[in-house]
Amino acid sequence: MVEIRRKGSGEVLLRLEGGTLASADLRGVAATYAALAGADLSGADLRGADLSCSDLAGANLAGANLVGAFLMECALPGADLRGARLVDAKLLASNYGKADLRGADLTRASLLWTSLSEANLTDAILSRADLSRTSLRGANLTGANLEEASLRYADLTGACLRGACLADANLTGANLTGADLRGADVVLTNLHQADLRGCDLRGASFSGALL
């Protein structure tokens, strides 16, 4: 028997048969304010689940299905989300600092006001995602797909965007100071009022970009 408890009070929010949350069927579960720090949720089916305001620091969510899930105001520093599916997920105002999101699919995900500082987003899919006012300071976005994403006023200071696709993305007012954009696709990208001081732009394609 596995129990999911509420942060602080220890109140039991959910009881599950079996001894692990890995590969568990948690579709549509409502477990806000859950204490799940360090939990193994790898491969779990969390489609449409609401885990808002939960503590998932250092949790293993590798390969988890979080399509349409609600993870607003969550703490996920150092969490493992490699290959996780976060399509249409709501991740607003959460902390993903130093999280591992390599190869994760965040298509159309909402990440407004979220911290992804020093997170590893290598080869992640962020097409049409809302990353407005998100902190991506020092994040690794090598090869990431940010096509048509909104990065308005995002902080990308020192971020690595080498070989990333930013085609048709909106980076109005974004801070790209010291970012690595070598070989990036910046075609038709809106860079109005963006700060590009100290950027490495070697090999980047800016055809049709708004500067």
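Which strand has the lowest mean pLDDT among the elements of the protein, and which has the highest? Strand β2, residues 12–16, has the lowest at 82, and strand β3, residues 34–35, the highest at 93.

Residues are numbered from 1 along each chain as its sequence is written, and side-chain values use heavy atoms, with hydrogens and water left out. Over the protein, the mean pLDDT is 95, and 98% of the residues reach 70 or more. Keep in mind that where pLDDT is low, the predicted coordinates should not be read in detail.

Okay, the sheet. Its 3 strands come in the order β2-β1-β3, and the sheet is open, with antiparallel pairing. That puts β2 and β3 at the edges, each pairing on one side only. Pairing, by the way, takes at least two bridges found by DSSP between two strands. Strands of a sheet pair through backbone hydrogen bonds, either parallel or antiparallel.

Let's go through the pairs. β1, residues 2–6, runs antiparallel to β2 with 4 bridges, and there you can find E3 opposite R15. The hairpin of these two strands has 5 residues between them, and G8 in that hairpin has a positive phi near 85°. On to β1 and β3: these are antiparallel too, joined by 2 bridges. R6 has A34 as its bridge partner, and R5 has A35.

Most residues other than glycine have a negative phi, and most peptide bonds are trans. S23 is not a glycine, yet its phi is positive, about 60°. You'll find S23 in the loop between β2 and β3. Is S23 buried or exposed? It counts as exposed, because its relative accessibility is 59%; the cut-offs are under 20% relative accessible area for buried, over 50% for exposed, and partly exposed in between, using a 1.4 Å probe and protein chains only. Y153, also not a glycine, has a positive phi of about 60°. Y153 sits in the segment after β3 and is partly exposed, at 33% relative accessible area.

Last stop: empty space. Rolling a probe the size of a water molecule over the atoms shows where empty space is left. A cavity is a set of points, on a 1 Å grid over the protein atoms alone, where a 1.4 Å probe fits but cannot get out, and lining residues have an atom within 4 Å of a point. There is 1 cavity of 30 Å³ or more, and the largest cavity holds about 40 Å³. Its lining is L166, L171, L176, L181, V186, T189, L191 and L196. That makes 7 nonpolar residues, 1 polar and no charged.

Look at T189 in that lining. T189 is in the segment after β3 and counts as buried because its relative accessibility is 0%. Leaving out residues up to four places away in sequence, T189 touches L166, A167, D168, A169, L171, A209 and L210, where contact means heavy atoms within 4.5 Å.

Definitions and conventions
Predicted model: local features only at pLDDT ≥ 70, side-chain atom pairs only at ≥ 80, totals over all residues. pLDDT = per-residue confidence, 0-100. 1 Å grid on protein atoms, 1.4 Å probe; cavity = no way out; pocket = protein on both sides within 12 Å on 5 of 7 lines; lining within 4 Å. Points joined across faces, edges and corners; volume = space filled by probe spheres on them. Nonpolar A, V, L, I, M, F, W, Y, C, P; charged D, E, K, R; others polar.
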